Amino acid sequence: MAAAMRLSRWHTGLTATNPSVAALVVKDGAIVGRAVTAPGGRPHAETQALSEASEKARGATLYVTLEPCSHHGKTPPCADAITAAGVARVVVSLTDPDPRVSGRGLAILRDASIVVESGVLEEEGRRTLAAYLMRQTRGRPRVTLKLAVSADGMIGRRGEGQVAITGPAARAQVHVLRAEMDAILVGIGTALADDPQLTCRTPGLEARSPLRIVLDRRMELPPISKLVRSASNVPVLVASIAGPSASSELNARRAALADAGVGLLETETLSTFLSGLAVRGISSLLVEGGAGVVRGFLAAGLVDRILLFEGAATVGEGGLASPLTRADMPDGFRLQREYAFGPDRLFDYERFS
């Protein structure tokens, strides 16, 4: 099961509305079939692994990180395919909270006299599928907040755009993190000050750049910005939360963004904004700033994980103070892991209440 969970990460962030699930077919102590949910969400892991195993699947054990589906959608139920393949035993980490499945997949297998074990490495499975579970049970994406803070508690310097807080190893890790997300978000202040790309630029991960979102009440994102100019290659969404009343100027800016291929979303609150993303199939959201956006998400209680990078360098005079440091971590978050990237450190906090 641990091997299956590692395999599932291959396509995290690539499987659209479906979770990235992995399946291993094991017979006589050897793996004879393995697969992960395909990019775009289909075909599912189970059918691919069974196809690879072919006749060796008969009498074998199937390890799968999430309960096999039991409903007819764009593809037939995986539970039926498992039964037809003659698998003798199925080991599952998590049952699927999707009401179309939720125990029915396991029931189909048991009714076919297949031995079923569930709850194997369940805690690890919940971490692996945390984003999918959040969208299914809470109707919103799982929100990860990422901050890079200098040794003197700063996130940048006024009037200087992007300032390197951490070294190349830590920055490369951020690109890996982006590759596993469905969407990445900044506020309009950061977009105007930094003119960021918000893409994955680590070699081999370029094609895994997620949807890029700018919170922009007045639709001020310039058509000449890097984000807008690249919208035809990597999608961009401008979200207006409780924006001003319509005007000819606002309508013109809205039309210019739409003409450039930028998606538009207008909503009333951060909560309804996240619900709107969930409807679009977004399960994971990485919030990268700026300070006002960070405070807004924290104040609304909508952050599930905090990744705090601490750089070894100082910013000094004119620095922008971080809205969050390890010394003032909000209640309800617990340090889970700590990493070193050269002289820089990463502290990984998760909400537990």
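Domain 1 runs over residues 1–130 and domain 2 over 139–351, with bounds that come from an automatic or database domain assignment. Where the two meet, 10 residues of domain 1 are in contact with nine residues of domain 2, contact meaning heavy atoms within 4.5 Å.

A bit of housekeeping before going on. This is a predicted model, where local features need pLDDT of at least 70 and side-chain atom pairs count only at pLDDT 80 or more, while totals for chains, interfaces and linings use all residues. Residues are numbered from 1 along each chain as its sequence is written, and side-chain values use heavy atoms, with hydrogens and water left out.

Let's start with Glu 46, which carries the "active site" annotation in an unreviewed UniProt entry. UniProt positions are given in the numbering used here, with shortened feature names, and such annotations may be inferred rather than shown by experiment. Glu 46 belongs to helix H2, residues 45–53; helices (H or I, at least four residues) and strands (E, at least two) are DSSP runs, numbered from the N terminus. Its relative accessibility is 4%, so Glu 46 counts as buried. The cut-offs are under 20% relative accessible area for buried, over 50% for exposed, and partly exposed in between, using a 1.4 Å probe and protein chains only. Not counting residues up to four places away in sequence, Glu 46 touches Ala 23, Leu 62, Val 64, Leu 66, Pro 68, Cys 69, Cys 78 and Ile 82.

Asn 18 is in the loop between helix H1 (2–8) and strand E1 (22–27). At 18% relative accessibility, Asn 18 counts as buried too. Setting aside neighbours within four places in sequence, its contacts are Gly 41, Arg 42, His 44 and Arg 135.

On to the "binding site" annotation: the unreviewed UniProt entry lists Arg 178, Leu 198, Arg 201 and Glu 288. Arg 201 is in the loop between helix H8 (188–194) and strand E9 (211–215), and with 41% relative accessibility it counts as partly exposed. Leaving out neighbours within four places in sequence, Arg 201 is in contact with His 175 and Arg 178. Glu 288 is in the loop between strand E12 (284–287) and helix H12 (291–299), and is buried at a relative accessible area of 15%. With the neighbours within four places in sequence again left aside, the contacts of Glu 288 include Arg 178, Lys 146 and Leu 185.

Leu 185 also turns up in the largest nonpolar core, which has 32 residues; among those with the most contacts inside it are Leu 185, Leu 215, Phe 273 and Phe 297. A nonpolar core here is a set of buried Ala, Val, Leu, Ile, Met, Phe, Trp, Tyr and Cys residues joined through side-chain atoms within 4.5 Å. Apart from this core lies another, of 29 residues, among them Ile 165, Ala 170, Leu 177 and Leu 307.

Last stop: helix H10. Its 12 residues (248–259) should span 16 Å at 1.5 Å a residue, and the end C-alpha atoms are 16 Å apart, which agrees; the expected span is 1.5 Å times one less than the number of residues. The buried residues of H10 are Leu 250, Arg 254 and Leu 257. They cover an arc of only 65 degrees around the axis, which puts them on the same side of H10; the arc is that of the directions from the helix axis to the C-beta atoms. On the other side of H10, Ser 248, Glu 249 and Asp 259 are exposed.
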